[in-house]
Amino acid sequence: MIDVFIDVILLAFLAITAVSIVRMTNLFAIIMLFGIFSFLSAAMFVVMDAVDVAFTEAAVGAGISTVLMLATIALTRDHHEKASVSHRPWLPLTVVIVTGAALVYGTLDIPGFGDPEAPAQMHVAPYYIERSVAETGVPNVVTAVLASYRGFDTLGEVIVVFTAGIAVMLLIGGRRRKSNAGSNEGDENDK
Amino acid sequence: MDFIIGHYNYWIAIFLMMTGFYTVISRGNLVKKIIGLNIFQVSVFLLYISMSTVKGGAAPIITEGVKLYSNPLPHVLILTAIVVGVATTALGLALVVRIKEAYGTIEEDEIHQQDHSL
Amino acid sequence: MTNNLILRVVSKSLIPLIIVFALYVQFHGDYGPGGGFQAGVIMSAAIILYALVFGLDAGEQVIPSTMLRILASLGVLIYAGVGVVTLFLGGNYLDYSVLGGTRVAGQHLGILLVELGVGMTVFSVMLIIFFAFAGRGRP
């Protein structure tokens, strides 16, 4: 009963934080709320027994993402979102409600939360859990699957991270050229 | 009542997904759109990890005396997804910085105005 | 922020601890939660903290940009290189069993090397991105 209680409290806080992110206009406050959102979701992952995922989400979401967003608003010197003057929110709201309703209709068939007989737990997971220590000698099943059983996916992921680093280096790695707005040549000095 | 307790995780994840989606399509500020995208991504992770928990199970680290473990496969997929997500966010923010230097603003309607008047 | 005494003293005592924790997470990823990604991000957080408190130039003196680019490429090279080495030793690509004497020893060595490559790449890429963002505002 107590874990249902903790679940409900954490999810309620997540929903409140997300709604306040939509409603606020001060960009600095929004970024701080996003850091809080990331931490709350990391806590949610710990409650759901996903410790590796919680570790990564806390480090990456509440750490690196927040720092980069703060650096962006420091560079763009834009601290307030412009209040919408001529926005009609009805069309986006309708799209969002229709999509949400379709998704909720889709979840009516999902087996209940935590069901040990669900089809998702039946086929591949027992194979990994039973044979991970015998075949790889590594007790952490997530690391064994990540590095050994599904090593190609991790290779692709490392290459994606490397590519993002190169792309950011190309875009904003050099010194900024003083040029007029709208006539930026796009080439930079290399350091 | 059992049905609601078994499914509210998914419904809150869908609510968060829709909140992020609404932020992306209805707000004009580029940084806020990227934050909305991140909210969307985190809620998708919540959905997947909710599908992988087992009631009474432990974290998938093999220890003596523990019989029931959570499903380790979605954890692996979501680990990859988190790192790819931060790479995408960093690239999007770098593009926002360059857009600000080129157009002088990061509000979407002002950027459209400048593009149409050229 | 160099004038702030509390920040300077506390960060000088914390940064070595953060680096040691990052190394612990990297090499104990087999026995507890952790692994390459988390370790790379935590180690880059230590250097980012140093650059935030003591200035960007001091941060860039700790690790020069050329070193970061070499480290990032080296990480990817280590990962792909382990696969090529296993090809030469007779197994499939990224089949770690042929790397050691027994099958389990080979797998353990392969996982260790691969996580090392991942940690190096993630660490250097996070720092490259941070230094790119922070260095753009300087005239």
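Residues are numbered from 1 along each chain as its sequence is written, and chains are lettered from A, and ligands numbered from 1, in the order in which they are written. Because the model is predicted, local features need pLDDT of at least 70 and side-chain atom pairs count only at pLDDT 80 or more, while totals for chains, interfaces and linings use all residues.

## Chains A and C

Chain A has 7 helices and 0 strands. Helices here are DSSP runs of H or I with at least four residues, strands are runs of E with at least two, and both are numbered from the N terminus. The order of elements in chain A, read from the N terminus, is α-α-α-α-α-α-α. In chain C there are 5 helices and 0 strands, in the order α-α-α-α-α from the N terminus.

The table sets out burial and contact values for these two chains. A residue is buried if 20 or more other C-beta atoms lie within 10 Å of its own, exposed if 12 or fewer, and partly exposed in between, with C-beta atoms placed from the backbone. Two residues are in contact if their C-beta atoms, placed in that way, lie within 7 Å.

Chain C has a radius of gyration of 18 Å, whereas a compact globule of 139 residues would have one near 14 Å. The radius is taken over C-alpha atoms, and the globule rule is 2.2 Å times the number of residues to the power 0.38. Along the principal axes, the C-alpha atoms of chain C fill a box of roughly 60 × 30 × 15 Å.

## Contacts made by chain B

The contact between chains A and B takes 81 residues from chain A and 73 residues from chain B. On the chain B side, the elements giving two or more residues are α1 (2-26), α2 (30-52) and α3. Of these, α3(B) provides the largest share, 25 residues. That side of chain B divides into 46 nonpolar, 20 polar and 7 charged residues. Ala, Val, Leu, Ile, Met, Phe, Trp, Tyr, Cys and Pro count as nonpolar, Asp, Glu, Lys and Arg as charged, and the others, Gly among them, as polar.

One helix pair in this region is α1 (residues 2-23) of chain A with α1(B), whose axes are 10 Å apart and meet at an angle of about 10°. Axes are lines fitted to C-alpha atoms, for helices over the stretch in contact, and angles run from 0 to 180 degrees between N-to-C directions. The two helices, α1(A) and α1(B), are therefore roughly parallel; angles under 35 degrees count as such, over 145 as roughly antiparallel, 65 to 115 as roughly perpendicular and the rest as oblique. Residues in the contact include Leu11(A), Leu14(A) and Val22(A) from α1(A), and Ile12(B), Phe15(B) and Tyr22(B) from α1(B). The contact of α1(A) with α1(B) holds 13 nonpolar, 2 polar and no charged residues.

Between chains B and C, 5 residues of chain B are in contact with 4 residues of chain C. The chain B side of this contact has 5 nonpolar, no polar and no charged residues.

Helix α5 of chain A covers residues 124-136 and bends by about 35° at Glu130(A). The bend at a residue is the angle between axes fitted to the seven residues ending there and the seven starting there. Buried residues of α5(A) are Ala125(A), Tyr128(A), Ile129(A), Ser132(A) and Thr136(A). These pack against α6 (141-149) of chain A, α3 (72-103) of chain B and α5 (103-135) of chain C. After α5(A) comes Gly137(A), with a positive phi near 75°.

In α6(A), 9 of the 9 residues are buried, so the helix is largely enclosed by the rest of the structure. Among them are Val141(A), Leu146(A) and Tyr149(A). The buried residues of α6(A) pack against α3, α5 and α7 (151-172) of chain A, α3 of chain B and α5 of chain C.

## Two loop residues

Asp49(A) is not a glycine, yet its phi is positive, near 65°. Asp49(A) sits in the loop between α2 (27-47) and α3 (51-76) of chain A, and is buried, with 23 other C-beta atoms within 10 Å.

Leu94(C), also not a glycine, has a positive phi of about 60°. Leu94(C) lies in the loop between α4 (65-88) and α5 of chain C. Leu94(C) is buried, with 21 other C-beta atoms within 10 Å.
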